[in-house]
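This report is written for a reader new to the structure. Please look over the sequence and the model shown here before reading on.

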Number of protein chains: 2
Amino acid sequence: MRERPLIDWLRRRIRLAANVHLGPGDDAAVLAAPAAGSRLVITTDVFLEGTHFAAATAPGPLGHKVMAASISDIAAMGCFPSASFVTLAINHSCGEAFVRELGEAIIATAEKYHAPLAGGDVASWPSPLAVSVTVTGETRGLEPVRRSGAQPGDKIFVTGLLGGSLLGRHLRAEPRLEEGVFLNRDVGVSAMIDISDGLSTDLGHLAEESGVGAVIRETAIPVSEDARKLEGQDGVPAVRHALDDGEDFELLFTVSPERAGRLKKSWKFDLAVTEIGEGGGSEVLLERADGARQRVEPGGYEHKWGE
Amino acid sequence: MRERPLIDWLRRRIRLAANVHLGPGDDAAVLAAPAAGSRLVITTDVFLEGTHFAAATAPGPLGHKVMAASISDIAAMGCFPSASFVTLAINHSCGEAFVRELGEAIIATAEKYHAPLAGGDVASWPSPLAVSVTVTGETRGLEPVRRSGAQPGDKIFVTGLLGGSLLGRHLRAEPRLEEGVFLNRDVGVSAMIDISDGLSTDLGHLAEESGVGAVIRETAIPVSEDARKLEGQDGVPAVRHALDDGEDFELLFTVSPERAGRLKKSWKFDLAVTEIGEGGGSEVLLERADGARQRVEPGGYEHKWGE
């Protein structure tokens, strides 16, 4: 694969958004000044063939997934995406068609979720595919929602249905952008994270950063049809899949009891939103149907240090 | 190598700068609002073991190099860096000491050049090291200098001395930040690029983006001692090394004849600045000492599409 024709094609393919004053092709991209007083929100993630995605993953779904997963981090801050940047380390033998499809999907998903691709870098090497995605966002007068704001007594909620995303849903992930901004601006949630490593692991992150424990009720966890399907295949209870499978890209958040009431009344999305427990104590506990409690051990995968 | 202890160490190690409101450890970093009306400048680059750096490269110089090379792209826009973000794909067998040294060097160089590390992502895999760096910057009222602004008749200049960086200088690269801002704000250069792929290749980029040719004089090219040393070793003329070797990370720029005079009078840096030719025609030509002209073919390596 020669790189120059690919590069020229990618540059031609990108349609610049109004807030991208200078796109790929210079030493750096130039973005419009954000709204007055708007702080910047930035996330960066790496996706590795064989670790974060299977070598057999088709380029279209792969491109969608890496971009959607990255934009999901902006949703988890309750903020607004503005642009995106991608680096690709491509195997020498990778066909140009694969890279074009990957690029098309990255560009399309970035555009769909208001994070137009504004720059990047491509190099080829003898090793597997490595993709790195950076997404910028703006606060537009809102305070970004951190992982660290949960209080004892706060109610714990998740959006959507969890578990079994590996059956295919992880490749069709939708960042919960409107929901994230609604929860931040209209509800006033106290802490939020997106579920990328699995409910058990990400609830652990949220509890650790907030310095507070939690109790979640097993019977309250919203279990996806995919999790039930997987139970039929591997015998692992569906609720275990909902707890430990990664890549749901749903929002997990905490909110004061008063605001939880407001949330239930004002929730305006088709997406489910479910109260699963509350903050308190010093451990993260799972309460079973019979009332017995056990510690929740992180069951998802663990590879992130930054975002 | 386990990732979690490394991650915790890195988070503790980072000292947040005043403009970093939220650093590593959440879904995204939060940066201060840039100066009123300041546009954002963003560059992203990938560095691959065996392609962009030798497998034997020590972690300290490597960390410096990847950060300095990335910040150099902000210098080439004549703008001000504000923060940086790094993803690392690390081989499973890579020792923790290596990664810590790499991290220390990345953090130190980022801080030194006013692009404090504000976030990142780390994952391990069975393949070689891949590093991706994103640097954000601000315009602070200046217009970013593009590659595309060169005019026929403009004088062509380079900073520093070129060639032979592979003898070691590429690992000690210094982004020309003050010089870049000076050239943008005080001189008013028409086009600028940093020399990462080599003078011949990067002059080609600048000419192509500007839609104008150029003539550079072989005898005017500032040749480094390293290029002469390499000539002694490989018999390739030192000026050829100055033309084709990459990773000088000097600034190559064009400026109107009037402003070129102002530049020469007002240049206040120890670093050399040398007029090497002028814009015009439709081809990029090298004029030899005897007056003969030949086309300059890109001789550096070629792997970038974005920045």
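## How the copies meet

In this predicted model, 100% of the interface residues of chain B are also interface residues in chain A, so the copies meet through the same surface. Chain B gives 63 residues to the contact and chain A gives 63 residues. On the side of chain B that touches chain A, the largest share comes from strand β3 (residues 40-48) of chain B, with eight residues. Sorted by class, that side of chain B has 29 nonpolar, 18 polar and 16 charged residues.

## Symmetry

Two copies of a chain are related by a rotation about an axis and a shift along it.

## The nonpolar core

In soluble globular proteins, nonpolar side chains tend to be buried together. The largest nonpolar core of this model has 186 residues, and A89(A) and A89(B) are those with the most contacts inside it.

What is A89(A) in contact with, leaving aside its neighbours within four places in sequence? In chain A, its contacts are A123(A), W125(A), L129(A) and A130(A). In chain B, they are V46(B), L48(B) and A130(B).

## Two domains in chain A

The domain assignment divides chain A into domain 1 (3-138) and domain 2 (155-295). Taken over C-alpha atoms, the centres of domain 1 and domain 2 of chain A are separated by 28 Å.

Where these domains touch, 14 residues of domain 1 of chain A are in contact with 17 residues of domain 2 of chain A. On the domain 1 side, the elements that give two or more residues are α2 (59-75) and β4 (80-91) of chain A. Of these, α2(A) gives the most, with nine residues. By class, the domain 1 side has nine nonpolar, three polar and two charged residues.

## Helix α6 of chain A

Helix α6 of chain A covers residues 225-234, and its buried residues are D226(A), A227(A) and L230(A). Around the axis they cover an arc of only 100°, which puts them on the same side of α6(A). An α-helix has 3.6 residues a turn, so residues three or four places apart point the same way.

The buried residues of α6(A) pack against α7 (238-244) of chain A. After α6(A) comes G235(A), whose phi is positive, near 75°.

Terms used
Residues numbered from 1 in each chain as written. Chains lettered and ligands numbered in written order. Predicted model: local features only at pLDDT ≥ 70, side-chain atom pairs only at ≥ 80, totals over all residues. Buried ≥ 20, exposed ≤ 12 C-beta atoms within 10 Å, placed from the backbone. Helix = DSSP H or I, 4+ residues; strand = E, 2+ residues; numbered from the N terminus. Arc of directions from axis to C-beta. Contact = placed C-beta atoms within 7 Å. Domains from an automatic or database assignment. Nonpolar A, V, L, I, M, F, W, Y, C, P; charged D, E, K, R; others polar. Core = buried A, V, L, I, M, F, W, Y, C linked by C-beta atoms within 7 Å.
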